[in-house]
Amino acid sequence: MAPPRSKPLLRFAALLLVPLSTAPAQGRPERLDTIRDVFARLHSCWKPPPASRANPIDITVIVSFNREGAILGHPRITYESAGATDHDRLAYRIAVMEALQRCTPLPFTEGLGGAVAGRPFAVPFRYRKKTPLKPAEQRAWLIPKIL
């Protein structure tokens, strides 16, 4: 009787599936464990209005969360750039509130949820126009020397 053959294809498939089974599920977001993670998540959800609709300004919102990461109470705008027009302020307030709606509830770990529940966060959002880079000036009289 012949010895049983090994099944290399089956072993190869099993090796490919092991990392997939240990990876976090695609539908479940990564849990936030530090305050830095909270700020990074909030900033990743923010989409400033296009420069054609509003001039760039700085805006800060104070917001609190419960243990589950949902917004507690009403977010409050506490700072806006001094030179902003009413139209700019309105556009940026809407953008900040939309960012909070997109991000919440935040997926806190149990420890972070207990630590930040009810505490106010002052979250600054800054948007600056990118200034075009000046081309480097080339000077014909400065020829690099090769030693």
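**Exercise 1. Determine how many aromatic pairs a search of the whole structure finds, and classify the pair of Trp-46 and Phe-125.**

*Solution.* The model is a predicted one, in which local features need pLDDT of at least 70 and side-chain atom pairs count only at pLDDT 80 or more, while totals for chains, interfaces and linings use all residues. Residues are numbered from 1 along each chain as its sequence is written, and side-chain values use heavy atoms, with hydrogens and water left out.

Step 1. Recall the criterion: rings of Phe, Tyr and Trp (its six-membered ring) pair if their centres lie within 6.5 Å; planes under 30 degrees apart count as stacked, over 60 as edge-to-face and the rest as tilted.

Step 2. Apply the criterion. The ring centres of Trp-46 and Phe-125 are 5.0 Å apart and the planes stand at 40 degrees, so this pair is tilted.

Step 3. Locate the partners. Trp-46 is in the loop between helix 2 and strand 1 (58-65), and Phe-125 is in strand 3 (residues 120-126), so the pair ties together parts that are 79 residues apart in sequence. Helices (H or I, at least four residues) and strands (E, at least two) are DSSP runs, numbered from the N terminus.

Step 4. Buried means under 20% relative accessible area, exposed over 50%, and partly exposed in between (1.4 Å probe, protein chains only). Trp-46, at 10% relative accessibility, counts as buried; Phe-125, at 1%, also counts as buried.

**Exercise 2. Describe the pair of Phe-65 and Phe-121.**

*Solution.* Step 1. The two rings form an edge-to-face pair, with 5.8 Å from centre to centre and 65 degrees between the planes.

Step 1. Phe-65 belongs to strand 1 and Phe-121 to strand 3, so the pair links distant parts of the chain, 56 residues apart.

Step 2. Phe-65 has 0% relative accessibility and counts as buried; Phe-121 has 6% and counts as buried.

Step 3. Phe-65 and Phe-121 form one aromatic cluster together with Phe-39 and Phe-108.

**Exercise 3. Describe how helix 2 and helix 3 cross, and state which residues meet.**

*Solution.* Step 1. Two packed helices are described by the angle between their axes and the distance between the axes. Axes are lines fitted to C-alpha atoms, for helices over the stretch in contact, and angles run from 0 to 180 degrees between N-to-C directions.

Step 1. The axes of helix 2 (residues 35-45) and helix 3 (residues 86-103) come within 8 Å and cross at roughly 115 degrees.

Step 2. From helix 2, Arg-41, Leu-42 and Cys-45 meet Ala-99, Leu-100, Arg-102 and Cys-103 of helix 3; contact means heavy atoms within 4.5 Å.

Step 3. The residues of this contact divide into five nonpolar, no polar and two charged. Ala, Val, Leu, Ile, Met, Phe, Trp, Tyr, Cys and Pro count as nonpolar, Asp, Glu, Lys and Arg as charged, and the others, Gly among them, as polar.

**Exercise 4. Characterise the surroundings of Ala-70 and Thr-60.**

*Solution.* Step 1. Ala-70 lies in the loop between strand 1 and strand 2 (71-80). At 27% relative accessibility, Ala-70 counts as partly exposed.

Step 1. Leaving aside neighbours within four places in sequence, Ala-70 is in contact with Ser-64, Phe-65 and Pro-105. The C-alpha atoms of Ala-70 and Pro-105 are separated by 4.2 Å, although these residues are 35 residues apart along the chain.

Step 2. Thr-60 lies in strand 1 and counts as buried at 14% relative accessibility. Not counting residues up to four places away in sequence, Thr-60 touches Arg-76, Ile-77, Thr-78, Tyr-79, Ala-122, Val-123 and Pro-124.
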